[in-house]
Amino acid sequence: MSAADALPKARFDALPLILIALIALAAWPAVGSTSTWVTLTVAGLAMGMIVFIAASGLTLVFGLMDVLNFGHSVFIALGAYVATSVLAVTAGWTSAASLLPTLGAVLLAMLAAMTLGGAIGLGFERVIVRPVYGQHLKQILVTLGGAIIGEELIKVVWGPAQIPLPLPDALRGSVLIGDAAVEKFRLVAVVVGLVVLVALLYTLNRTKIGLLIRAGVQDREMVESLGYRIRRLFVAVFAAGSALAGLGGCLWGMNQQIVVPQIGGQVNVLLFIVIIIGGLGSTLGCLVGALAVGLMTNYVGFLEPKLTMFSSIGLMVAVLVWRPQGLYPLAR
Amino acid sequence: MSTPPPLLSLAGVHTHIGAYHILHGVDFDVPVGQVTMLLGRNGAGKTTTLRTIMGLWSASQGSIVFDGERIGGPGADGGGSSAVRTPEIARRGIAYVPESMGIFSDLTVRENMLLAARSAKRAADLDTARLEWLFGLFPALRRFWLYPAGKLSGGQKQMLAIARAMVEPRRLLLVDEPSKGLAPAIVQNLIAALRELKATATTVLLVEQNFAMAKALGDSVAVMDDGRVVHRGAMAELADDEGLQHRLLGLSLAAHQ
């Protein structure tokens with residue numbers, strides 16, 4: 001069938017993936033030692049996965065409803081604080097150096113962070129986001145205001161002082177892979193990130209609700225014309241995105257081992273850099289952007305610590321010069 | 001002998017888009033089981049009319065009645081000022097093919113069809129017999145079933161858009177300028193497919209500028225100008241009367257062939 005042959009197959013755009021490989025390869029000689037490079041690379045991938053988890057909701061919410069939610073940071077901070085509480089309560093489980101009870105406690109902290117993040121996300125959507133649909137300037141002001149209120153409420157509940165979030169003993173220390181020391185917690189973060197990634201990809205590509213989300217990102221009006229209530233879909237996505245932000249915050253807090261009320265705002269900057277690099281609204285772009293930023297931050301943090309923050313912004317500028325719409329721009 | 005009530009009826013419909021007053025009291029009926037043509041110059045308000053029926057823009061005055069129930073105009077939801085929402089209108093059995101076709105280009109042809117079939121959860125739930133019928137009308141869809149819809153040609157996209165609207169039985173089909181930008185040979189295919197659709201007594205409201213298509217498919221016609229319906233009648237009558245065409249459309253429809 002000649003017409004079928006003439007039709008171009010769906011071609012996967014692999015260039016952005018090569019970008020990640022290039023960053024990693026360029027850092028190898030710069031770092032010098034292979035074992036240090038492996039350690040930094042795993043740390044970078046782990047950080048990238050955590051940032052991806054936290055940012056995925058932000059990019060989906062923007063893609064689906066054009067809502068740029070500056071209040072996303074609240075759910076990240078919330079997740080981190082919930083982790084401190086849950087791990088404090090389950091201190092008995094984690095005091096023993098055995099792995100299983102510790103993982104149970106961490107799992108419980110992650111579930112609690114997701115549940116609370118999702119539940120508060122529902123309220124946030126209803127009270128703060130819904131009144132300002134389609135009004136970009138107001139969205140920025142109102143969601144930013146929501147973030148400030150959220151941060152203050154967190155201070156009311158957990159206090160303004162920083163709270164240590166020490167890693168449980170069983171997750172401390174490193175395993176040796178060859179000569180390279182890889183911290184155990186980073187492996188946990190990578191595994192959790194992969195689980196979230198697979199679940200997200202499965203939902204978006206293999207379920208009808210995922211199809212609706214992808215279709216809604218492209219053309220809301222047509223989805224409504226086919227008889228689906230996109231508002232409900234959006235509320236569900238918003239809650240799921242907030243739950244993921246809670247999970248990301250829980251992992252981020254454990255990664256930092258210290259939690260301050262401003263933690264959400266600190267991560268938020270990184271998240272916006274990531275979703276702009278990836279292309280606003282794109283899930284795949286969000287993943288690639290998060291990994292690139294995670295790697296870049298860790299390499300530069302090792303080589304030239306003062307330039308760490310600049311490196312992510314520099315990466316964003318470079319990507320935008322190359323692809324002004326981000327790595328995977330939405331087809332709209 | 002009594003004629004059955006029209007499936008869709010617009011009476012005195014006004015639509016504002018922002019500060020612009022686009023429809024100035026549109027009146028016409030769409031009889032059941034027929035193809036009704038909506039003709040008129042560019043900017044006459046045809047697309048706005050379809051979008052208002054679909055609830056994508058709300059009518060500020062007048063009423064839109066579908067199958068005996070009010071779906072548009074002030075108070076259509078039985079109280080408040082807002083009209084029935086687009087998803088509910090679609091769920092009552094109205095399918096819409098916009099001028100832009102509304103194809104989800106990142107999704108495959110199969111996924112596009114699956115979304116349009118509200119009762120199907122996965123591709124295996126699609127009605128195979130109906131799918132075979134649609135493949136018969138639009139063979140390209142079978143061939144490109146697993147391809148991203150964005151890779152289809154313009155004509156194939158239009159066929160997907162129409163097939164998508166028909167993937168489950170619908171009571172009324174709104175189609176906005178399906179021939180726009182298509183090569184004449186493709187338009188002939190489209191006419192043939194729509195003719196077959198017409199043979200199944202599907203009710204269609206078709207906006208079209210292509211005379212061959214209007215003449216081949218239309219039973220009745222409403223002609224719009226400047227946000228109003230200025231002529232209603234049988235399509236055959238308009239097709240035979242060049243003077244009327246001149247007066248209503250500014251030029252002979254035959255010149256469009």
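This is a predicted model: local features need pLDDT of at least 70, side-chain atom pairs count only at pLDDT 80 or more; totals for chains, interfaces and linings use all residues.
## A quick tour of chains A and B

**Chain A overall**

- Chain A is built with 14 helices and 4 strands.
- Its C-alpha trace spans about 60 × 50 × 35 Å along the principal axes.
- Of the 332 residues in chain A, 48% are buried.
- Take the contacts in chain A with a separation of 6 or more: 77% of them involve residues 24 or more positions apart.

**The six-stranded sheet in chain B**

- Here 6 strands of chain B make an open sheet with mixed pairing, and the order is β6-β7-β8-β3-β9-β10.
- At the edges you'll find β6 (94–97) and β10 (228–234) of chain B, each pairing on one side only.
- From one strand to the next, the twist averages 15°.
- Zoom in on β7 (residues 172–176) and β8 (residues 203–207) of chain B: they run parallel and are joined by 5 bridges. One pair to look for is B:L174 with its bridge partner B:L205 in β8(B).
- Helix α1 (residues 46–53) of chain B packs on this sheet, touching β3 (35–40), β6, β7, β8 and β9 (220–225) of chain B. The direction of α1(B) makes about 145° with that of β7(B).
- Helix α6 (residues 154–165) of chain B lies across β6 and β7 of chain B, at about 175° to β6(B).

**The four-stranded sheet in chain B**

- This open sheet has 4 strands of chain B in the order β2-β1-β4-β5, with antiparallel pairing.
- β2 (20–30) and β5 (69–72) of chain B each have a single partner strand, so one side of each has no neighbour in the sheet.
- Ignoring direction, neighbouring strands of this sheet are turned by 25° against each other on average.
- Strand β4 (residues 59–66) of chain B runs antiparallel to β5(B), with 3 bridges between them. Across from B:I64 you'll spot B:G72 in β5(B).
- Helix α1(B) turns up again here, lying across β1 (8–17), β2, β4 and β5 of chain B at about 70° to β2(B).

**Where the chains meet**

- Chain B puts 24 residues into the contact, and chain A puts in 21 residues.
- On the chain B side, α2 (86–91) and α3 (109–116) each supply at least two residues.
- Sorted by class, that side of chain B has 13 nonpolar, 4 polar and 7 charged residues.

Note on methods. Residues are numbered from 1 along each chain as its sequence is written. Chains are lettered from A and ligands numbered from 1 in the order in which they are written. Two residues are in contact if their C-beta atoms, placed from the backbone, lie within 7 Å. Ala, Val, Leu, Ile, Met, Phe, Trp, Tyr, Cys and Pro count as nonpolar, Asp, Glu, Lys and Arg as charged, and the others, Gly among them, as polar. A residue is buried if 20 or more other C-beta atoms lie within 10 Å of its own, exposed if 12 or fewer, and partly exposed in between; C-beta atoms are placed from the backbone. Two strands pair if DSSP finds at least two bridges between them. Axes are lines fitted to C-alpha atoms, for helices over the stretch in contact, and angles run from 0 to 180 degrees between N-to-C directions.
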